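Q: I would like to go through this structure with you, step by step. Please keep the answers in plain sentences.

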2 protein chains.
Amino acid sequence: LALKPWNREDIAFPEQYSRRGRQVMGSFIDSSLSLLARQTHPVISLAMGCPGPDAFPLDDIARVVGEIMGREAAVALNYGPTEGDALLRRQLLEAEAVASDLEVNPDCLIVTSGGMQGLDLVNKLLINPGDIVVAELPSYSNGLATVHNYEGRLTQIPLDAEGLSVAECRNRFDKAAVKPKLFYVIPSFQNPSGITMSLGRRHELLDLARSYRAMVLEDDPYGDLRFEGESVPSLFALDKERGTVISVRTFSKIFSPGIRVGWVLAPRNVIAKMVAAKQSMDTCTNILGQKIVGRLMAEGTMRRHILRLRQEYRLKRDLMLASLDRRFGREPGFTWTRPEGGFFLWMTFPEGVSAEALFPVALAGGVAFIPGPAFTVHGGLTNAVRLCFTYPLTHEIDEAIRRLRTAYQSSSARRIGQP
Amino acid sequence: LALKPWNREDIAFPEQYSRRGRQVMGSFIDSSLSLLARQTHPVISLAMGCPGPDAFPLDDIARVVGEIMGREAAVALNYGPTEGDALLRRQLLEAEAVASDLEVNPDCLIVTSGGMQGLDLVNKLLINPGDIVVAELPSYSNGLATVHNYEGRLTQIPLDAEGLSVAECRNRFDKAAVKPKLFYVIPSFQNPSGITMSLGRRHELLDLARSYRAMVLEDDPYGDLRFEGESVPSLFALDKERGTVISVRTFSKIFSPGIRVGWVLAPRNVIAKMVAAKQSMDTCTNILGQKIVGRLMAEGTMRRHILRLRQEYRLKRDLMLASLDRRFGREPGFTWTRPEGGFFLWMTFPEGVSAEALFPVALAGGVAFIPGPAFTVHGGLTNAVRLCFTYPLTHEIDEAIRRLRTAYQSSSARRIGQP
């Protein structure tokens, strides 16, 4: 029986795409990762923002999956509540009480399909086409893409050592007729810079937002991964009950991205609207994933796992910093951040170096990173790169930085040699 | 240590909700299900559109989960490709070849987080505020809500025994200045009516859509669950390579809703846009779920499972039809559909009966259904109900219909007794 091939480039009536459909924006990171996936030689990836391949508590997961299959399989396989599995919701509220001394009302929490869906929901509920959204420069590319895909107008404001520059926000908007509607920030161990917003800056940001009658979207995937230094309360906790902040959390960095479970803390009416919207987005978050995470939290395994990750990731960060010091530290023009937690550091090459031109050279030399412009909507940061220290194995880290140095040498030699 | 309560009704600046955020629509079905969940006495549910609680191949699932945890746990727990897991994608393409003799190009398929996300993506890419979308009357309430949440204007056109009335569509739109942009149809074992669109009607619909330069969204969760009668090709297969149809599929009805895995078949450019959009919606579909389904397909278990479901669901449908004949068949004014597959049948009570008024009486009497108006955007179908025959256990079906009869009697007695 001969099969008929089915292959068509576009829809019959491409004029029927919506405005949003015409301009939908993907992620620069994913383009780099596709290129990475196509390499046939071994590449050490400092590109992906992933837990290390050896960082999953496999035995514990296998055990709770067995328990779920044995005791509540039919429930785990059927539809569940859109707001999230009951056990997981209870555990999340308890964990928030431990982390921030807050007894959050259960109606102020929804379980989402990863933090990404939380960001999507916030933009859906708040952003009309043309609304101004302030984000950090640089910032998480998928977070920026979400704003773009709801046709928000992004303004990126630089970070300094204490986080988003509120002074620069005031310069731009204090006298502007139209104020921002939303501040999108990653205050702890920021992606991609690794910078943490200071307590003072957090208060300044909340004051600024309130004076503009703007909302704050706190994207906080890394807050639980502090290796050293003093912990800073989340914007959600600092906001008290004032309703200025919507806080998006996820298990992607502290446990598993593949499981796609996150949550949002917000006033009740926001959560009710999110539940309604989610019903016609994906009905509910996958139940098996929710039950795995809920059980690991309830038995204390998740807490122990996070403590273990902090140790391992601190070691990896230290290895990367030491290697950078050794291989790039003696020359002027190179700088990098020294994050107190999280996944990433941000490295700046001498002016005139193009990280995007360096990328294929580095890839051929066996190391991958994400070039700076991926974290901007209007370009720039051309001589910077994001380096992830959690994903490479411990023994690969110095070798990765050595390859980066070699790639830089050969590419700058080539640049000088060019006519 | 005293916890501070955190509980706020709304955001500090509710004027900041977007237009879409202001009017976001949930599901009437979910409201009924919440009511159902609050009952303390045992209720037989004909309300939920779920596989039976005894319809999951638990041993097979536990076995493949064990295999995944043993052999590819770290991959299953990390991020995966936005377009879907490679094994699952291959299996879906092979299954489509078997089902429709089509060798679909791999770039014409994306894995989604359930069929619901497929519907969401199609609306995202096509619907501008105010665009006209034709849906069946009655139709799937979450499908209608998605259109509403993208600010599309819904027109529901009645079904007849052969499916969506194309004649009625022509009456409404042939002379209209603004044509529909999209036809949203569930052609096989329609939710909620159980009606299957005939082959002739499918061709008529495709011709009509093309003459309006409109797209067709084929929502096909039940197509693989035919118990009897001659199989009808999907709209996607009938469209050949003309790019009029986007087809949304899911494992929710043939395997498990809780696993949240579906897929979409469409021209390459649509899929590329969906991949880009999905990156900032939920990054990727949960990997463990994709790997479970992919492995069950690859080893042939999924095929055997679907064959088994067809037998079981046919028996359940027969039991419900026999019970309806016995308990409602002798009186005029009662009608119901006799679906050749799927999950639902649609029952109409005598004129003047309110299914919404009957609902609490039936619930108190131990049986639940979904009232007709849940499947409309502008109301109507007040004397109709959707009955799901797949979810109740075999021995519960006649008892459920007996309770429905009793509820009807007592509620009509009460109605007659009212002043």
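Q: Are A:Tyr222 and A:Phe344 buried or exposed?
A: A:Tyr222 is buried and A:Phe344 is buried too; buried stands for under 20% relative accessible area, exposed for over 50% and partly exposed for what lies in between, with a 1.4 Å probe and protein chains only. Please note that this is a predicted model, in which local features need pLDDT of at least 70, side-chain atom pairs count only at pLDDT 80 or more, and totals for chains, interfaces and linings use all residues. Residues are numbered from 1 along each chain as its sequence is written, chains are lettered from A and ligands numbered from 1 in the order in which they are written, and side-chain values use heavy atoms, with hydrogens and water left out.

Q: How many aromatic pairs are there over all chains?
A: The count is 30. Rings of Phe, Tyr and Trp (its six-membered ring) pair if their centres lie within 6.5 Å; planes under 30 degrees apart are stacked, over 60 edge-to-face, and the rest tilted.

Q: What kind of pair do A:Tyr222 and A:Phe344 form?
A: The pair is edge-to-face, with 5.8 Å centre to centre and 75° between the planes. A:Tyr222 is in the loop between strand S9 (215-219) and helix H10 (235-238) of chain A, and A:Phe344 is in strand S13 (residues 344-348) of chain A, 122 residues apart. Helices (H or I, at least four residues) and strands (E, at least two) are DSSP runs, numbered from the N terminus.

Q: What about B:Tyr222 and B:Phe343?
A: They form a tilted pair, at 5.6 Å centre to centre and 55° between the planes. B:Tyr222 lies in the loop between strand S9 (215-219) and helix H10 (235-238) of chain B and B:Phe343 in the loop between strand S12 (335-336) and strand S13 (344-348) of chain B, so the pair ties together parts that are 121 residues apart in sequence. Both B:Tyr222 and B:Phe343 are buried.

Q: Which ring does the charged end of A:Lys273 sit over?
A: It sits over the ring of B:Tyr17, 4.8 Å from the centre. In turn, B:Lys273 lies over the face of A:Tyr17, at 4.8 Å from the ring centre. The criterion is NZ of Lys or CZ of Arg within 6 Å of the ring centre and within 35 degrees of the ring normal.

Q: Turning to the sheet, what is the strand order in chain B?
A: The order is S4-S11-S10-S9-S8-S5-S6-S7 in an open sheet of eight strands with mixed pairing; two strands pair if DSSP finds at least two bridges between them. Strand S4 (109-112) and strand S7 (163-164) of chain B are at the edges with a single partner strand each, so one side of each has no neighbour in the sheet.

Q: How many bridges join S5(B) to strand S8 of chain B?
A: Three bridges join them, and the two strands run parallel. B:Ala135 has B:Tyr184 in S8(B) as its bridge partner.

Q: Where is B:Leu137, and what does B:Leu137 touch?
A: B:Leu137 is in strand S5 (residues 132-137) of chain B. Leaving aside residues up to four places away in sequence, its contacts (heavy atoms within 4.5 Å) include B:Gln156, B:Ile157, B:Pro158 and B:Thr376. B:Leu137 is partly exposed, with a relative accessible area of 22%.

Q: Which residue follows H5(A)?
A: A:Asp101 follows H5(A), and its phi is positive, near 60°.
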